Amino acid sequence: MAAIAIGARVRLQLTGVPALAMLYRQRGPGEGRMSSESIVAAVRQQLSRHPPFSLMRPDEVELAAGNIQLAHFAPGDTVVAPGAEPLPGLYIVADGVVERVPARAGGQSPSDLQLVPGDAFPLGALLAGRPAAHEYRALGRVVCWLLPRSVFDDLLRRSESFLDFCKRGLGVLLERSQQELQASYAQQTAQLRSLDAPLRTVMSAPAATVQADTPLRDAFERMERERVGSLVVTHPGSDSVAGIFTRQDVVARVVLPQRPLQTPIGEVMTAPVVTLPASATAADAMLLMAERGIRHVPVTDNGAVAGIVTERDLFALQRRTLRSIGDTIAGARTVAALATAADDIRSWSHSLVAQGIGADFATRLISRLNDQLTARLLAIEAGARSLSLAHVCWMALGSEGREEQTIATDQDNGLVLNDTLASQRSVWLEFAQAVNAALDRCGYPLCRGGIMAGNPRWCLTASEWRATFDGWIDRGDPQSLLDASIFFDFRALAGDASLVATLRAHVAERAAGNPRFLKQMSDNALRNGPPPAWGAGMLEQWLTQAPELIDLKMNGTVPFVDGARLLALANRVTATNTADRLAALAAAGAVAADEARLWTDAFQFLQGLRLRAQQRTSRSAEMPPNVVRVSDLSEIDQRILREVFRQARRLQQRLALDYQR
């Protein structure tokens, strides 16, 4: 290795390193050398292209550029050795590729990470004040900037942006990407409330409250006097919520039954009522309204009424769109009416993406609106056949079961029958086929693989479902593993949810107790990973090729979904949503909290890219809905994508280590 101080008047010879050779090459016999000012300016310009320097103040970047050293390495040279102490400082790849090799006992270890221009190392060791845990070595000729340890420590003290990046890395990049996306739609969303805002800041006015023993006449006079559409009803002599009464309740609960106006409002209120704490966010309230088809949510603080948040508060700009969806679904009597609501859901989904709304919130909202539509469709079809859903349960599977539906989604569902209904299977099968056909007319295509409740294979009694899952777990053949990737994400959507809860508990215990099945699931999960050119040992190849097309589902989100599912099954976690699974695993100590956060962030970034890609393909048939061209992404999104694929490989390495042969 050779290291040269940039601040000195020096001549650099970097033949074989094209990018930096252009900046630092020897000018020729008569020209001597570049001035230190020119070199510092060139370094400052290059550093400013990469986080964290792109996020820092000019004076902070100047401090780094004026003190940085240039180090170049021959192919195979060790840049940082494991256990080396003291570390000279922070290395930033300027040109070429550096590979990280874990220090493990028992001989040579394969590279588990490649660092490309802009990547810094070894951050963790420097922050912790310990020796490096891994070896970093040059793949081909490499040039690195070396930020001396004293300057690194100085920047940690001076620069909040530098310190934040060193601690949170990917999280900082994701925030910057989200800011860029939202800025691109700033004109459209300037008046949009922040969905992260706590409800205490969103409520437009205090709640109008009455006690449960208040006569209806007094309650109506209060509503008219204060011009409110709802009353929060409290227990007599208490501030705790007992129920809620809205204008929509007057006709059905007072006028038509001819209730006398002396009737206590507690007899006609809605109870129990769903509330949210004042610390909950606007997004929480929005999801609750979409899930329950309601327009008012009482807000509490330490159990007492703090106010009420309404649909008007949350959707000031787009309340008509959301209201029309809810009204159309609730009032639908035909499949045609629900098809209109389905179109509204898709339009609303495009609007969310265009506003830069977070992927986790967007996919949950899409899923819950689709749930509401499906539940209404089930009620219509059951009513047409004089059937009751009290002893059956419609199951959502796949992405719908995980509440991770994107804009482009098909059907994955099943039907669980109480064992006493085995003799009526043909009736329920006909019902399920009608529902599947109606969902198709609403724009949710039939599953090409036939994974639908209208397929006799997936319209089963509770006992038959248990036997089916037991067979998959016991056999572990390729078809069983394929089925497991869809069916093991099941959740109750409508009907008797206890049927599915019992099945979930059975499956969780059975799967966790079968190591062979978990090993087979791991092998299957490792078959889908990031594109080879973004993977271990092949970044040099990628750097010399034209940008490629990437399937964000198969090569992006699927590794995270498969990994979270396997770890959840192994640890008896019953959640189905990928982020919820990772959070539950971290809470149980099965996964490190930092790992869970990074994997969740990476997964949600990919989900966001999928939503943006699907919004694009709705206007153009240029590419499939989950495919993106790398060159279409911003520089920061390309940087994040590299880190996201690294996280996918780390998750897969975790599976490979946990479930070795």
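Me: Why is Leu256 called exposed?

Reply: The model is predicted; local features need pLDDT of at least 70, side-chain atom pairs count only at pLDDT 80 or more, and totals for chains, interfaces and linings use all residues. Residues are numbered from 1 along each chain as its sequence is written, and side-chain values use heavy atoms, with hydrogens and water left out. Exposed means over 50% relative accessible area, buried under 20%, partly exposed in between (1.4 Å probe, protein chains only). Leu256 has 64%, so Leu256 is exposed.

Me: What makes Thr406 buried?

Reply: Its relative accessible area is 3%. The cut-off for buried is under 20%, so Thr406 counts as buried. Thr406 sits in the loop between α17 (398–401) and β15 (413–417). Helices (H or I, at least four residues) and strands (E, at least two) are DSSP runs, numbered from the N terminus.

Me: Which side chain makes a polar contact with the side chain of Thr406?

Reply: That of Gln614, at 3.0 Å. A polar contact is a pair of N or O atoms within 3.5 Å; within protein, one must be able to donate a hydrogen and the other to accept it, and residues adjacent in sequence count only if both atoms are side-chain atoms.

Me: Why are the buried residues of α6 said to line one face of the helix?

Reply: The buried residues of α6 (residues 160–168) are Phe162, Phe165 and Cys166. Seen down the axis, they fall within an arc of 100 degrees, so they line one face. The arc is that of the directions from the helix axis to the C-beta atoms. Exposed Glu160 and Lys167 are on the face turned away from the buried side.

Me: What makes Arg158 and Asp154 a salt bridge?

Reply: Their closest N and O atoms are 3.3 Å apart. A salt bridge is a side-chain nitrogen of Lys or Arg within 4 Å of a carboxyl oxygen of Asp or Glu, so the pair qualifies. Both lie in helix α5 (residues 149–158), 4 residues apart. An α-helix has 3.6 residues a turn, so residues three or four places apart point the same way.

Me: Is Asp154 buried or exposed?

Reply: Buried: its relative accessibility is 18%.

Me: Why is Asp658 called partly exposed?

Reply: Asp658 has a relative accessible area of 39%. That value lies between the 20% and 50% cut-offs, so Asp658 is partly exposed. Asp658 forms a salt bridge with Arg654, the closest N and O atoms being 2.4 Å apart.
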